[in-house]
Amino acid sequence: MTSLVAWLEHRQIALYLAAIAAGAVVGLLAPPTHHLEGAITPVLGVLLYATFLGVPFASIGRVLRDGRFLTAVLVLNFVAVPAVAYALSRFVADQPALLFGVLLVLLTPCIDYVIVFSGLAGGASERLLAAAPLLMLAQILLLPVYLLVFIGPDGVAAVEVGPFAEAFVLLIVLPLSAAAVTQALAKRHRVGRGVQSSMLALMVPLMMATLFVVVASQAGVVVAQGPHLLVLVPIYAGFLLAMALLGVGAGKLFGLDVASQRALMFSGATRNSLVVLPLALALPSSLSLVPVVVVTQTLVELIGMVIYVRAVPALVPQPRTQHTIS
């Protein structure tokens, strides 16, 4: 079992790319797979449960007292990101559905699988875990404000809090609570330790399953609307590039350690597409393209995260240990 887990971890990037490719093939060649949308939240919830199991809950209180990191996360996501999102949205300013979709997804920072990808790149996952409730609350409060400024009253009227609250409960509260109970059980009983070790061993397959379900459920819709969406790919790719540079700069500006800088970069780059998708699906017919705009961001970001996992450690390397000759 140990050797299999080591094999999976050693080849996880290639396995994630294979999962994305398999999802695209199934989504395009199999019968309609939009019903897989219902599996996204359960699969993602299980993945986050396994992720939270690997985070020492005893350290969360200390992280919440780390004002420097939390300030950096808030400034990057709610000061720098809106400026970048507004600038990039100018390329589709004359197309209301595309404009709304781009702003909707880029203005909402990720609270779920960012923790997974950050951990893969050596980022401080426990800090992102502690910051997740604050990020969720802040985006609920600030998204209507930014839409009012960037689009006008029509943008605010289309936003509903319900999907955000539901996603917060299903993707943060429940997995986090279950992980905390499991960790407490593991300290006293063998069963708890067995569950914890088994779930941690399944991290790579769970991430593969998440990538496959998301891509398979949406690939057909994205291809069908392809001509309308081509302009979005460079916008989303440009966002990832811009946030990599801004993340590095913000990490240095706030004097963060290496693991915190890496986590900050992932927080600034990843968006809450899976959380805002239900909101997009509930929009009026005049904005019927918005869900596809959100899904396109998901697909671009998933590929981008595979690149980030390799690029971020190179951009923010561990300091070299200096040896002295005695």
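User: What makes the radius of gyration of the chain agree with a compact globule?

Analyst: This is a predicted model. With 326 residues, a compact globule would have a radius of gyration near 20 Å. The chain has 20 Å, so the two agree. Along its principal axes, the C-alpha trace spans about 65 × 45 × 35 Å.

User: What secondary structure does the chain hold, and how much of the chain is buried?

Analyst: The chain has 17 helices and 0 strands. Buried residues make up 53% of the 326 residues.

User: Why is the pair of Tyr146 and Phe150 called stacked?

Analyst: By the pairing rule there are 3 aromatic pairs. Tyr146 and Phe150 form one of them, at 5.9 Å centre to centre with 25° between the planes. Together with Tyr86 they form one aromatic cluster.

User: What makes Phe266 and Tyr308 an edge-to-face pair?

Analyst: Their centres are 5.6 Å apart, with 70° between the planes.

User: Why does the pair of Phe266 and Tyr308 tie together separate parts of the sequence?

Analyst: Phe266 lies in helix α15 (residues 258-269) and Tyr308 in helix α17 (residues 290-315), so the pair ties together parts 42 residues apart in sequence. Phe266 and Tyr308 are both buried.

Definitions and conventions:
Residues are numbered from 1 along each chain as its sequence is written. This is a predicted model: local features need pLDDT of at least 70, side-chain atom pairs count only at pLDDT 80 or more; totals for chains, interfaces and linings use all residues. Side-chain values use heavy atoms; hydrogens and water are left out. Helices (H or I, at least four residues) and strands (E, at least two) are DSSP runs, numbered from the N terminus. The radius of gyration is taken over C-alpha atoms; the globule rule is 2.2 Å times the number of residues to the power 0.38. Buried means under 20% relative accessible area, exposed over 50%, partly exposed in between (1.4 Å probe, protein chains only). Rings of Phe, Tyr and Trp (its six-membered ring) pair if their centres lie within 6.5 Å; planes under 30 degrees apart count as stacked, over 60 as edge-to-face and the rest as tilted.
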